[in-house]
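Q: Hi! I'm new to this one and would like a quick tour. Can you show it to me?

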Amino acid sequence: MTVDRRGAFLIDTPKAIKEHNIIEDKILPYIAEVLEYNNPSGTNNPQAAQYFRTVKTANNMNYDKFVDCQDYALLFYALCKYYRIDCKLVGNPTLHHAYNQLNIRGHAVDVEPQSGEGTVYVVAMHGWELSKNGLFIKQINTHPDNIVMDIDEWNAYGEAGRFVSPANMKLFNYVVKNGHLPNREM
């Protein structure tokens, strides 16, 4: 089940159900397997920052030397392109966060690929929040300065030095063509 920007449930169509199953069963588990966050500046916790310094940067989807929210968003976007799922990138210059947005029956639905296999589609403040059914869910910052973009716009912002790093287009195009990273099949 997906949720729109007003927090209302959408009635899923067969196409939306198929896309949801691809995302939940293939894309998100794959991303959780192949990417490990390691940006020490992404936390205020000194112990976590020290741990992140020990994690090898593998499958970096851009040129910022770390695996962080940008890499998760870029890989999710590339895999959606492979599966022909309508997807956009979302960047936030104030909060320095990136995630993705799907178009489900004309509704913008945010997806946080960084939270791993347990990702749910939500729209709210970024962080952990207790849902009505008692489960902790990852929330996304839906902020007025979010910018929804495609890969060309993402790269233009990156080349201008604006809050994102340009995508590694060789790697990005490989994923769009093959549906997996060169060193890790799905």
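Predicted model: local features only at pLDDT ≥ 70, side-chain atom pairs only at ≥ 80, totals over all residues.

Q: OK, how many salt bridges does the structure hold?

A: One. It joins the side chains of E19 and K15, at 2.8 Å from N to O.

Q: Where do E19 and K15 lie?

A: Both are in helix α1 (residues 14-34), four residues apart, or about one turn of the helix. Helices here are DSSP runs of H or I with at least four residues, strands are runs of E with at least two, and both are numbered from the N terminus.

Q: And is E19 buried or exposed?

A: E19 counts as buried because its relative accessibility is 10%. K15 counts as exposed, since its value is 52%. Buried means under 20% relative accessible area, exposed over 50%, and partly exposed in between (1.4 Å probe, protein chains only).

Q: Now the big picture: how many helices and strands are in the protein chain?

A: Five helices and six strands. Along the sequence the pattern reads α-α-α-β-β-β-β-β-β-α-α. Of the chain's 186 residues, 48% count as buried.

Q: Which helix comes within 7 Å of α3, axis to axis?

A: That is α5 (residues 169-178), and the two axes cross at roughly 35°. Axes are lines fitted to C-alpha atoms, for helices over the stretch in contact, and angles run from 0 to 180 degrees between N-to-C directions.

Q: Which residues make that contact?

A: From α3, L74, L75, Y77, A78, L79, K81 and Y82; from α5, F172, V175, V176, K177 and N178. Contact means heavy atoms within 4.5 Å.

Q: Switching topic, what about D64? Where is its place?

A: D64 is in the loop between α2 (46-54) and α3 (69-82). D64 is buried yet has no salt bridge, and the nearest side chain of opposite charge, K65, is 9.4 Å away. For charge, Lys and Arg count as positive and Asp and Glu as negative; His and the chain ends are not counted.

Q: What does D64 touch, then?

A: Leaving out residues up to four places away in sequence, D64 touches Q70, D71 and S165.

Definitions and conventions: Residues numbered from 1 in each chain as written. Heavy atoms only, no water. Salt bridge = Lys/Arg side-chain N within 4 Å of Asp/Glu carboxyl O.
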